[in-house]
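The following note sets out several points on the structure shown below. Please read each point with the model in view.

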Amino acid sequence: MSALRKKFGDDYQVVTTSSSGSGFNQPPPEKKKKRQRFVDKNGRCNVQHGNLGGETSRYLSDLFTTLVDLKWRWNLFIFILTYTVAWLFMASMWWLIAYIRGDLNKAHNDKYTPCVANVYNFPSAFLFFIETEATIGYGYRYITDKCPEGIILFLFQSILGSIVDAFLIGCMFIKMSQPKKRAETLMFSEHAAISMRDGKLTLMFRVGNLRNSHMVSAQIRCKLLKSRQTPEGEFLPLDQLELDVGFSTGADQLFLVSPLTICHVIDTKSPFYDLSQRSMQTEQFEIVVILEGIVETTGRQPHVLRSALLTNKRELVLLYVVAPGCV
């Protein structure tokens, strides 16, 4: 095995030859490293917070929102765990009262009045709690008037059960009614195009609604994410610029009965005005499209976030089209 080195100006290329002399075996070209998006195609923001200080306490201070934002598997796990712990704790309290009073040893004595009738052990105490909490009321186990501590515990159980039910069921209801899945039926075009429309160079992409239910007061906005350096020398790694998609004319207010084409005119006020076709394909920037509206059937407001363009990918995500006769 021998290697030949060829020089082309300042660039070197290594060509490897085999001993059999069958030809040259060039190494495969290196793949371009894929840059991570700021916003994925599914709308998930790739942002991680760190070194904030007291982050956990801030999340716990807003526990309701934290539970709603959790994934379904963690939400269901906390839901089941909370009820299980609460049930075992309250059943243990009823068993402890019966144990301290000596009701477990005298439960079969007809002349003795226990705190809770027909409670012999922990399973029977647990069954009594479930019957009371679920308001089943079989009538076999019941609290007697000779047990003031049992009456106090019963009141505490009722209040605690109402709080746990209101909190957890409220979290589950809010999570199920979130309009995130409604955003899956709002479709965006895979590619954007730059072409002439009405005599103006225009950036265009399409958006459509798959459902028959309308999006009331739908509004669309576009943000350009690009790093830049200020005249003072400050480097802004993630500067946000607004792309005009019809604020002055009201074109940003959408009536999504059929698919619509969203247009951004590349004029002197556009961030793309000084960019050529070649520079657009080499510059690193990202366009984030934000679509908001109210669902007609539920009255909820979905928030659709999509990363529309990313120019440093090898695949054609920015289709540059020029009308015939235009340069």
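1. N118 is buried, as its relative accessible area is 18%; buried means under 20% relative accessible area, exposed over 50%, and partly exposed in between, with a 1.4 Å probe and protein chains only. N118 lies in the loop between α4 (103-106) and α5. Its phi is positive, at about 65°, although N118 is not a glycine.

2. A word on the basis of these values is in order. The model is predicted, so local features need pLDDT of at least 70 and side-chain atom pairs count only at pLDDT 80 or more, whereas totals for chains, interfaces and linings use all residues. Residues are numbered from 1 along each chain as its sequence is written, and side-chain values use heavy atoms, with hydrogens and water left out.

3. The protein has seven helices and 13 strands. Helices (H or I, at least four residues) and strands (E, at least two) are DSSP runs, numbered from the N terminus. Of the 327 residues, 32% count as buried. Among contacts between residues at least 6 apart in sequence, 58% join residues at least 24 apart, where contact means heavy atoms within 4.5 Å.

4. How do helix α3 (residues 72-101) and helix α6 (residues 148-176) pack, and at what angle? Their axes are 11 Å apart and the angle is about 175°. Axes are lines fitted to C-alpha atoms, for helices over the stretch in contact, and angles run from 0 to 180 degrees between N-to-C directions. This angle makes α3 roughly antiparallel to α6, because angles over 145 degrees count as roughly antiparallel, those under 35 as roughly parallel, 65 to 115 as roughly perpendicular and the rest as oblique. The residues of this contact divide into 18 nonpolar, four polar and four charged. Here Ala, Val, Leu, Ile, Met, Phe, Trp, Tyr, Cys and Pro count as nonpolar, Asp, Glu, Lys and Arg as charged, and the others, Gly among them, as polar.

5. The length of α6 agrees with expectation: at 1.5 Å a residue, its 29 residues should span 42 Å, and its end C-alpha atoms are 42 Å apart. The expected span is 1.5 Å times one less than the number of residues. The buried residues of α6, including G150, L153, Q157 and G161, pack against α2 (63-69), α3 and α5 (122-133).

6. Strand β6 (residues 200-209) is mostly covered, with seven of its 10 residues buried. β6 pairs in the antiparallel sense with strand β4 (residues 186-188) over three bridges, with strand β5 (residues 192-197) over five bridges, and with strand β10 (residues 260-265) over six bridges. Two strands pair if DSSP finds at least two bridges between them. As examples, M187 has G208 in β6 as its bridge partner, A193 stands opposite M204 in β6, and V207 has L260 in β10 as its bridge partner.

7. The hairpin of β5 and β6 has two residues between the strands. D198 is found in this loop, and its phi is positive, near 55°, in a residue other than glycine. Is D198 buried or exposed? At 74% relative accessibility, D198 counts as exposed.

8. S227 is placed in strand β7 (residues 215-229) and counts as partly exposed, at 34% relative accessibility. Leaving aside neighbours within four places in sequence, S227 is in contact with F235, L236 and P237. The C-alpha atoms of S227 and L238 are separated by 5.1 Å, although these residues are 11 residues apart along the chain.
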